[in-house]
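Reader: I would like a close look at the aromatic side chains in this structure. Please take them slowly and say how each one is placed.

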Amino acid sequence: MTVSQQKWLTLLVSLSVLCILVLTSFTFQLRDTMNQIESIHSQRLDSHDAIEDIMYFNIERANAIRGLLAYEDRRFLESYYSMSQQAEELKASIANDPRTPSSLIDLLHRDGIWEKGATQVLFLYEQGNVKGATELAETLTDQRQTILEDLRALKKMQYEDIRKQLVATENQIDVLIQVLTSIAVLFIAILFVLAFLIFKTRKKDRPQ
């Protein structure tokens with residue numbers, strides 16, 4: 001092998017190693033970006049599901065109080081306590097999760113204030129003061145509606161936040177794929193050129 005051929009071969013090996021390192025680096029970055037998408041789905045959607053569940057429990061408990069006061073049927077009371085127990089377990093798990101946004105924690109606090117009022121309504125009812133319980137329940141209606149509206153707004157905001165993050169991450173993936181494709185095409189072209197030059201040099205150095 002001549003000195004000229006050795007130079008071309010060394011250049012070929014060096015460029016091959018460089019391209020492989022670059023491709024490996026971008027491949028790992030692409031994998032991390034894909035993991036980021038999975039993380040966005042798992043964390044954000046878990047929080048979104050929690051909001052949905054809280055809204056359901058809140059609506060059902062408010063309906064149970066209204067049904068109890070309107071029909072004086074204790075089955076509504078049983079439904080309220082059942083929903084309250086499930087709501088407390090859910091809220092405890094949300095409050096203890098460090099990923100829970102502060103906006104949701106604030107709504108949980110306000111929901112706790114409403115629950116204290118609802119407990120007072122049930123206390124008056126159990127004491128036989130249906131009129132007083134009804135009047136107090138009516139004063140809590142606006143508070144309950146405000147909490148539900150804020151929960152819906154928070155759910156909508158999370159949807160928009162998820163959408164923006166996913167769009168940004170997907171755009172990043174598109175860029176990485178384009179870069180990887182360009183590097184691969186460039187690498188193949190360089191291989192063909194260098195192989196041609198080595199072949200040409202070898203042919204030139206052959207004895208006539």
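Author: Start with phenylalanine 76, which is partly exposed at a relative accessible area of 29%, a value between the 20% and 50% cut-offs. The model is a predicted one, and a search through the whole of it turns up three aromatic pairs. Phenylalanine 76 belongs to one of them: its ring centre is 6.1 Å from that of tyrosine 71, and because the two planes meet at 20 degrees, the pair is stacked. Stacked is the word for planes under 30 degrees apart. Tyrosine 71 has a relative accessible area of 64%, so this residue is exposed.

Another pair joins tyrosine 80 and tyrosine 81. Here the ring centres lie 5.7 Å apart and the planes make an angle of 70 degrees, an edge-to-face arrangement. Tyrosine 80 is buried, because its relative accessible area is 4%, and buried means under 20%. Tyrosine 81, at 45%, is partly exposed.

Asparagine 58 is part of helix α1, which covers residues 3-71. With a relative accessibility of 1%, asparagine 58 counts as buried.

Definitions and conventions. Residues are numbered from 1 along each chain as its sequence is written. This is a predicted model: local features need pLDDT of at least 70, side-chain atom pairs count only at pLDDT 80 or more; totals for chains, interfaces and linings use all residues. Side-chain values use heavy atoms; hydrogens and water are left out. Helices (H or I, at least four residues) and strands (E, at least two) are DSSP runs, numbered from the N terminus. Buried means under 20% relative accessible area, exposed over 50%, partly exposed in between (1.4 Å probe, protein chains only). Rings of Phe, Tyr and Trp (its six-membered ring) pair if their centres lie within 6.5 Å; planes under 30 degrees apart count as stacked, over 60 as edge-to-face and the rest as tilted.
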